[in-house]
Amino acid sequence: MSTIKSAKSALRAKMIDVLNNIDKNEKKRQSEAIFKKLVSLPQYKASHRISLYLSIPNEVDTIPILKDMFAKGKEAFVPRYHGQKMEMVKINSMEDYHKLPLTKWNIKQPSVNEIRENALDNGGLDLVILPGMAFTKNGKRLGHGMGYYDKYLHMITRCQNKKPYTIAVAFNEQLHEDIPTNEQDFILDAILTDKF
């Protein structure tokens, strides 16, 4: 167990350098290509209730995806972190998004004091679009180390009738042959990059 943990930590540290060294224009180019691929997927088209992470500079830009969701009348749910727990809560418009406060990690999220619709209270999710540090083509994911998404995905799969489809969006540089995982790690349905 500690071997897997230290291997994950080492890969995370390496990936921080890799992500910091991708040129800003290249991140923009890849993000645009990934957006076009994502919105043409049948799973995206068929999904009505979608969870989407709100990106920071070293992640694939998800704001065009959010705009597309609202334009197509889809319901948008975003992560809200509170202590050891993550929930997916509804945001209603781009105006709503722009008003969201920043956390200490500089991530936009609805305030924990604000009452918002929780995805689990009203029909669950059809699709979850995830961030991460590194991925394999067959769905393995290295997260940021807190286990928020793994716990959430295991829980929502138990709680709702149909498992949500899970897609990670990633830069080409985040794809690896293999990454260390254990039984707590959730295997994703698809990884979407500019090339893959």
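Mentor: Start with helices H2 (24-40) and H4 (residues 63-71). They pack at an angle of about 30 degrees, with their axes 10 Å apart. Helices (H or I, at least four residues) and strands (E, at least two) are DSSP runs, numbered from the N terminus. Axes are lines fitted to C-alpha atoms, for helices over the stretch in contact, and angles run from 0 to 180 degrees between N-to-C directions.

Trainee: What does that angle make H2 relative to H4?

Mentor: Roughly parallel. Angles under 35 degrees count as roughly parallel, over 145 as roughly antiparallel, 65 to 115 as roughly perpendicular and the rest as oblique.

Trainee: Which residues make the contact?

Mentor: H2 brings Phe35, Leu38 and Val39, while H4 brings Pro64, Ile65 and Asp68. Contact means heavy atoms within 4.5 Å.

Trainee: Is the crossing of H2 and H4 left-handed or right-handed?

Mentor: Right-handed. A crossing is left-handed if the near helix is turned anticlockwise from the far one by less than a right angle, and right-handed if clockwise.

Trainee: Before we go on, where does the model come from?

Mentor: It is a predicted model, where local features need pLDDT of at least 70, side-chain atom pairs count only at pLDDT 80 or more, and totals for chains, interfaces and linings use all residues. Residues are numbered from 1 along each chain as its sequence is written, and side-chain values use heavy atoms, with hydrogens and water left out.

Trainee: Good. Which residues of H4 are buried?

Mentor: Ile63, Ile65, Leu66, Asp68 and Met69. Buried means under 20% relative accessible area, exposed over 50%, partly exposed in between (1.4 Å probe, protein chains only). Just after H4, Gly73 has a positive phi of about 75 degrees.

Trainee: Which residue has a positive phi although it is not a glycine?

Mentor: Asn106, at about 70 degrees. Asn106 sits in the loop between helix H5 (94-99) and strand E4 (127-130). Its relative accessibility is 53%, so Asn106 counts as exposed.

Trainee: What else is in the loop between H5 and E4?

Mentor: Val112 is there. Val112 has a relative accessible area of 37%, so it is partly exposed. Leaving aside neighbours within four places in sequence, Val112 touches Arg80, Tyr81 and His82. Gln30 is 82 residues from Val112 along the chain, and their C-alpha atoms are separated by 33 Å.

Trainee: New topic. How does the span of H1 compare with what it should be?

Mentor: It agrees. H1 (residues 2-20) has 19 residues, which at 1.5 Å a residue should span 27 Å, and its end C-alpha atoms are 27 Å apart. The expected span is 1.5 Å times one less than the number of residues.

Trainee: Which residues of H1 are buried?

Mentor: Lys8, Leu11, Arg12, Met15 and Leu19. They cover an arc of only 115 degrees around the axis, so they are on the same side of H1. The arc is that of the directions from the helix axis to the C-beta atoms. Ser2 and Thr3 are exposed on the other side of H1.

Trainee: What do the buried residues of H1 pack against?

Mentor: Helix H2, strand E5 (134-135) and strand E6 (141-142).

Trainee: And which residues of H6 are buried?

Mentor: Tyr148, Tyr149, Asp150, Tyr152, Leu153 and Ile156. What covers them includes strand E2 (75-82), strand E3 (85-91), E4, E6 and E7. The 12 residues of H6 should span 16 Å at 1.5 Å a residue, and the end C-alpha atoms are 16 Å apart, which agrees.

Trainee: What about the loop between E6 and H6?

Mentor: Met146 is in that loop. Met146 counts as partly exposed because its relative accessibility is 43%. Lys85 is 61 residues away along the chain, with 9.8 Å between the C-alpha atoms of Met146 and Lys85.

Trainee: Last one. Is Asn172 buried or exposed?

Mentor: Buried, with a relative accessible area of 15%. Asn172 lies in the loop between strand E7 (165-169) and strand E8 (190-192). Not counting residues up to four places away in sequence, Asn172 touches Arg29, Gln30, Thr193, Asp194 and Lys195. Asn172 and Leu192 are 20 residues apart in sequence and 9.0 Å apart in space, C-alpha to C-alpha.
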